[in-house]
Every structure is written in C-alpha cells, then in structure tokens.
Amino acid sequence: MSEIPDNLIGLRGKATTGPRWARFRELNNAAALLVGEGRVTEATAMFEEAYLLTQVEDLDAAGFDCRARVLGNLATVAENRGDTAESLRLAEAALLACDSAEREAGDRYGTVAVRASAHIQRAQTFQLLGRLDDALADLDTALMLTAEADPGGDDRWLAFMLHNTRSVLLIGLERLEDAEAAARRALELATTHDPRLAGHPYVNLGLIAQAHNDHHAAMSYLRLAEQIHSASGDSALAALAVANQGRVASRQGDFATAGRLLANAERAFLDGEQPLHAAEIRYSRAHIAFQGGDSGLAGSLLPQAIETLRTAGHVTMLAEALSLHGDMLAAEADFKAAERAYLEARALYEATGARYHLARLDMRRSFAVSTQCELSKNPFKQQRLLHKALDLSLPSALATDAIRHQYTPGRAREQWAATVAIPAMAHALHLVTALRDGALISELLEHMSGTVSLNAPNYTVGAAESSATELPELVLPSSELDELSYAASAFVTGISEDFPAARFALPPRLRVNPNRPSALEPWIAETERRYGFAIRSDQVVDAW
C-alpha cells in the first residue's frame with residue numbers, strides 16, 4: 001500500500017484502501033513505528049484511535065481490512081504486556097474482520113496475508129500458553145493460506161514469519177535439528193528479502209547452540225542479532241538479544257557479566273512497557289544470583305517474576321521459575337516446600353510434552369533428596385532417601401542419555417552426550433554405588449558401553465566471535481528419514497563430512513547374565529513409562 005514508510009517492517013498490502021481510510025493508515029503505521037521504538041503507551045493510543053475509525057455502520061471491505069490489521073497489532077501489544085486472554089480475543093476479532101473483508105472484496109486489499117499473519121501471531125500466543133497443538137494448527141493454517149500465493153513482498157514476509165515462528169515452536173518441542181532447519185530457512189528469506197529481519201533467526205540459532213552447550217557459537221549469533229536489531233532501531237528486540245547473551249554468559253560461569261547484561265535488558269523492557277518480557281528476564285537474574293551465591297538478591301527478584309508469569313499464563317517460563325524456587329527452598333533445607341514447587345513445575349512441563357525438561361526437573365528433585373539424605377543422621381532414613389533419590393535420578397539419566405538417538409550422528413549429538421547425558425548418568429551411578437547394588441552397577445555400565453559415543457575431538461567453535469563475517473557452522477539436519485541398523489554406527493565418524501548419515505535405530509537391550517533376571521530392565525521399562533518414549537529397541541542381545 002502507498003504511504004507506508006520504507007523503514008516499517010510488516011505487511012504492505014495490495015490495492016490502496018482509498019482516501020476514506022487515509023487517516024487510519026497514518027495512525028496505524030505511525031503506531032507500528034512507535035512500538036519498535038519502545039513507546040508502547042503512545043502506540044496503543046494510536047492503534048485504538050485507528051480502531052475507532054472502523055467502528056461505523058457503513059463499513060466497507062477496505063474498512064474491514066483496516067480493522068483486521070489494527071486488531072492484529074493490538075493483539076501483539078496485549079501479549080507483550082502479559083494479557084494473553086485479551087491477545088487471543090483480539091486475534092479472533094481480527095480473523096472475523098478478515099472474513100467480512102474477503103466476503104465483499106476477495107483479496108483485493110491483501111486480506112489473505114492479514115489472515116495468515118493473525119494465525120501466525122496467535123500461534124505465538126498459544127505457544128506461550130503451552131497450547132502447542134493449537135499453535136501447530138494455526139501454523140498449518142497459515143501455511144495453507146500462503147502455499148498457493150504468488151511470490152511477492154507480503155508473501156515473502158509471511159514465509160519468513162512462518163519459518164521463524166515454526167523454529168521457535170520446535171525449540172520448545174525440543175526438536176532442535178528441525179528447529180535449526182526452520183531457522184536457517186528463515187535466515188535465507190531474511191537475507192534475500194529484508195536483512196533487518198535476520199536478527200530473529202540469529203536469536204533462534206543462538207538458543208539452539210546454547211541448548212547444545214556450544215556457548216561460543218551461541219554468543220556469536222546473539223551478538224549479531226543485537227547488532228542487526230540495534231541498527232534497525234528496534235530497541236526491544238535488541239534488548240532480547242542482550243538478555244540471551246546474559247544467559248549464555250551465566251552458563252559460562254561469568255555471573256558478573258550475566259547480571260549486568262540481564263539488568264540492562266530488564267530496564268529496556270520496563271522502559272518499553274513490556275512487563276512480560278521484563279518478568280522473563282527478572283527470573284533469569286534471580287537464577288544467576290542464586291548460582292552466584294547471592295540468595296538474598298535471588299529471593300527478592302523471583303516472587304514478582306513468578307506472579308507476572310503466572311498471571312500471563314506463560315507456562316514454560318513459569319515452570320522454569322518454579323523449578324528455581326524449588327532449588328532455593330531445597331538450599332534452605334525446606335524440602336517439603338521445595339517438592340511442592342517442583343511438582344507444580346513438573347505438571348506444567350508434562351502438559352506441554354517437554355520430555356527433556358521433565359527429566360531435567362526430576363534430576364533436580366533427586367539432587368534435593370540427596371542433600372536431604374546427607375543432612376540426615378538416621379541410617380534408616382538415609383537408606384530410604386537414597387532409594388528415593390535413585391528412583392528420580394536413574395530414569396532421568398536413562399531418558400536424557402536416550403535423547404541422543406534423536407540426533408543425526410555428528411557434533412550436536414556428541415555435545416549432547418558429553419555435556420548433558422554423561423553428567424546426568426554420573427549422578428545416577430553415584431547413587432547406585434552408595435546403595436551397593438553390584439548387579440545394577442554392572443548392567444548400567446554395560447548399558448552405557450552399548451550406547452555409542454563417537455567421542456569426536458573438542459571443537460573450538462566461534463573462536464572469532466567478534467567478527468560478523470566468520471559465523472560458526474552448526475550441524476544441519478539430515479533430510480534422510482531412514483534409520484540405520486545400530487551396528488552400522490561403527491562405520492560413521494562424528495566428524496565425517498562425506499557420509500550422508502541418517503539417524504541410527506535405537507540400540508538393543510543387553511542381557512548381561514542369562515542366569516538371572518535383569519536388574520536394569522525394570523528401570524528401562526519405568527523410564528519409558530514415565531517419559532513416554534522408547535529408549536531401547538525390543539531386541540535383546542547378549543553382552544560381550
């Protein structure tokens with residue numbers, strides 16, 4: 001549409017809506033620019049003024065198109081301030097306005113793109129609420145709406161939004177290789193259509209690298225995202241990249257830098273009137289303060305974060321905050337209250353199907369029980385607590401180890417094994433040893449030996465992280481859907497670039513001693529029941 005400023009990122013439309021709606025276009029476009037500058041109160045007032053212009057009895061098709069556009073913008077503003085219920089209501093109203101516009105004028109004004117955009121925006125809200133099936137359904141609808149469209153400016157923008165949102169959703173579903181493929185497709189679209197958009201997929205690639213414990217790569221991507229968003233004048237998105245840099249710094253053990261970056265980001269979001277993002281960052285500040293030994297600061301930050309996240313229904317971040325609350329209570333030896341916090345977090349993870357986070361939380365619960373055991377002076381209570389800790393730890397470790405089989409062979413799989421799976425199994429082995437269960441120890445060691453780790457060399461990825469031209473390359477997902485026999489793992493190396501490796505089939509169960517029942521098999525069965533996925537195939541082979 002004409003009159004749209006060149007520096008405004010978003011849908012452009014097709015035919016002009018005419019002079020009757022010139023004032024609407026002026027208000028809606030100016031408000032959108034203010035949102036990017038963090039001036040949300042002024043922007044909201046303009047959006048509402050623009051919306052009132054569409055509240056007339058003789059509303060034509062162009063007016064319904066305008067109404068849909070401004071309602072979509074108001075839905076985004078509502079989500080950012082934490083009012084998710086209002087955001088969903090506004091998104092539904094936007095879709096109804098699209099119905100009216102298309103019924104009278106078809107796609108003359110580009111209303112189909114507005115409809116697709118509303119579905120993508122609503123999918124983001126559904127994801128925040130943990131309604132992942134609804135989010136996927138909205139993305140499928142948006143994909144269907146854009147699949148047959150002729151290539152053009154709005155269609156490229158929508159394709160970018162679709163792949164970028166899908167990447168975020170797949171990260172939440174722990175499908176990291178698929179998430180990386182979507183992020184790289186979004187990056188390709190951004191660089192060819194509008195480089196200002198590239199900051200979004202760079203953030204996603206940073207989060208994926210962080211999930212693989214590749215902190216150098218994560219920081220490189222996030223610094224690029226900050227530079228791009230800052231250059232395009234979007235202070236809120238730049239602050240989000242800074243916040244994620246702070247989280248990476250904390251995982252590297254640099255708590256001072258992490259605290260400084262996160263405090264700066266929180267201020268930016270508070271100044272930009274986005275309390276939900278500010279609450280997310282406040283939780284991260286509390287986490288870092290607790291890790292750094294400042295329990296007082298952590299205790300002062302966390303309650304307000306939990307209250308805001310709970311009110312907004314932001315289930316994934318609320319679960320993280322409740323888990324941290326459990327850790328803090330366990331550190332104070334209030335183990336009953338800690339378990340209540342953990343179980344509330346666990347229910348949220350279970351509702352969203354976050355299997356790795358379930359296993360991770362159960363490991364935290366095991367650590368808390370282990371601490372309680374160490375503090376106890378009663379030998380009988382110590383034995384009971386050791387068994388309870390093992391009941392939490394061993395299924396968690398087995399599930400965490402089995403997640404490696406979801407990766408294609410290569411760097412990401414080996415990073416998972418070395419930095420996530422092995423430390424989890426070490427705690428379980430420590431508990432089994434304390435209980436002096438020799439049969440379980442021997443079978444567990446055989447089980448671990450039967451899970452091949454390629455033990456590739458230590459990669460120094462992203463050494464030139466200050467250079468915007470030397471990007472770290474992460475493992476791309478294989479397009480192959482076939483599964484190799486597990487025996488074939490001997491012929492694939494973790495650093496081979498010339499073998500098109502597919503995912504391996506699950507390894508078999510091991511029979512360590514044919515003369516007695518397996519000590520590990522009941523634990524494998526419980527793990528598969530507890531977390532809802534197979535960790536070994538049904539095949540049973542004798543151990544060597």
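Helices here are DSSP runs of H or I with at least four residues, strands are E runs of at least two, and both are numbered from the N terminus. With that in hand, let's walk through the model. It is a predicted one: local features need pLDDT of at least 70 and side-chain atom pairs count only at pLDDT 80 or more, while totals for chains, interfaces and linings use all residues. Residues are numbered from 1 along each chain as its sequence is written, and side-chain values use heavy atoms, leaving out hydrogens and water.

Start with the overall picture. The chain contains 21 helices and 4 strands. Of its 544 residues, 53% count as buried, where buried means under 20% relative accessible area, exposed means over 50%, and partly exposed is in between, with a 1.4 Å probe and protein chains only.

Next come the charged pairs. A salt bridge puts a side-chain nitrogen of Lys or Arg within 4 Å of a carboxyl oxygen of Asp or Glu, and the structure holds 29 of them. In one, Asp-65 pairs with Arg-69, with 2.6 Å between the closest N and O atoms. The two are separated by about one helical turn because they sit 4 residues apart in helix H3 (residues 61–80). Asp-65 is buried, at a relative accessible area of 0%, and Arg-69 is buried too, at 12%.

Compare the bridge between Arg-122 and Glu-92, whose closest N and O atoms are 2.9 Å apart. This pair links distant parts of the chain, 30 residues apart, with Arg-122 in helix H5 (residues 111–128) and Glu-92 in helix H4 (residues 84–105). Arg-122 is buried at 14% relative accessible area, whereas Glu-92 is partly exposed at 37%. Salt bridges can also share partners, and in this way Glu-339, Arg-346, Glu-350, Asp-362 and Arg-365 join into one network.

Glu-350, a member of that network, is placed in helix H16. Its relative accessible area is 48%, so Glu-350 counts as partly exposed. Look also for Tyr-531: Glu-350 and Tyr-531 are 181 residues apart in sequence, yet their C-alpha atoms are 8.9 Å apart in space.

What does Glu-320 touch, leaving aside residues up to four places away in sequence? Its contacts are Tyr-283, Tyr-349, His-357 and Arg-360. Glu-320 lies in helix H15 (residues 315–331) and is buried, with a relative accessible area of 15%.

Lys-336, Arg-340, Lys-381, Arg-384 and Lys-388 form a positive patch. Helices H16 (335–352) and H18 (379–402) are the elements that give two or more residues to this patch, and H18 gives the most, with 3 residues. Arg-384 is placed in H18. Patches are made of residues with over 30% relative accessible area and no salt bridge, joining like charges within 9 Å and nonpolar side chains (Val, Leu, Ile, Met, Phe, Trp, Tyr) within 5 Å. Lys and Arg count as positive and Asp and Glu as negative, with His and the chain ends not counted; each charge is placed at NZ of Lys, CZ of Arg, CG of Asp or CD of Glu.

Definitions and conventions: Accessible areas come from the Shrake-Rupley method with a 1.4 Å probe; for residues, only the protein chains shown count as cover. Contact means heavy atoms within 4.5 Å.
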